[in-house]
Amino acid sequence: MQPTVRLVRPATHEDVDAVAALAALRRHDYEAHQPRFWRQAEDAVERHTAYLHGLVDEPDHIFLVSVDETRVSGFVIGRLVPAPPVYRPDGLTCLVDDFAVESPDAWQVLGPMLLRDVSRAAGARDAGQVVVVSGRHDQPKRRALEAAGLVPATEWWIASIDSVDG
């Protein structure tokens, strides 16, 4: 079932608990696919909730939620950062790390919608590119990113320090 989205708007403090719950579901899924990198802290929800409250009014962040008649159905958080000095993306970078929707099926509608709005807001604040983090296993999210016009640029590879041969 596709979500019925009424609007995408800036997040408020009243949205934070719902956003933290969506993020917790995503972390649980990601941890199952890569338990070393995505291992959750025991108090992850409490820490993330406090962090999110701090972002609601943070000037270098764009924190948006998608809402329907009764609930928050997705969210995206973009942080405006300068690119490394050896690159020139023509403005700031909008780095999107926290980005989740209510279900895998919701990505095809909500993902591109949230990306469009965070990108527009970032562009209005002198950003030249958006960079979105996604787990390699997260095919619904990856399809949404592709549908929104994004392309893969890099991958992160990990290992425990003592397991690297050299």
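Visitor: Why is Trp38 called partly exposed?

Guide: Trp38 has a relative accessibility of 22%, and since buried means under 20% relative accessible area, exposed over 50% and partly exposed in between (1.4 Å probe, protein chains only), Trp38 counts as partly exposed. This is a predicted model, in which local features need pLDDT of at least 70 and side-chain atom pairs count only at pLDDT 80 or more, while totals for chains, interfaces and linings use all residues. Residues are numbered from 1 along each chain as its sequence is written, and side-chain values use heavy atoms, with hydrogens and water left out.

Visitor: What makes Tyr30 buried or exposed?

Guide: Tyr30 has a relative accessible area of 2%, and is therefore buried.

Visitor: How do you know that the rings of Phe37 and Trp156 are an edge-to-face pair?

Guide: Rings of Phe, Tyr and Trp (its six-membered ring) pair if their centres lie within 6.5 Å, and planes under 30 degrees apart count as stacked, over 60 as edge-to-face and the rest as tilted. The centres of Phe37 and Trp156 are 5.9 Å apart and their planes stand at 75 degrees, so the pair is edge-to-face.

Visitor: Why is Trp156 called exposed?

Guide: Its relative accessibility is 65%, so Trp156 counts as exposed, whereas Phe37, at 38%, counts as partly exposed.

Visitor: What makes the charged end of Arg26 sit over the ring of Tyr30?

Guide: A charge sits over a ring if NZ of Lys or CZ of Arg is within 6 Å of the ring centre and within 35 degrees of the ring normal; the charged end of Arg26 sits over the ring of Tyr30, 5.7 Å from its centre.
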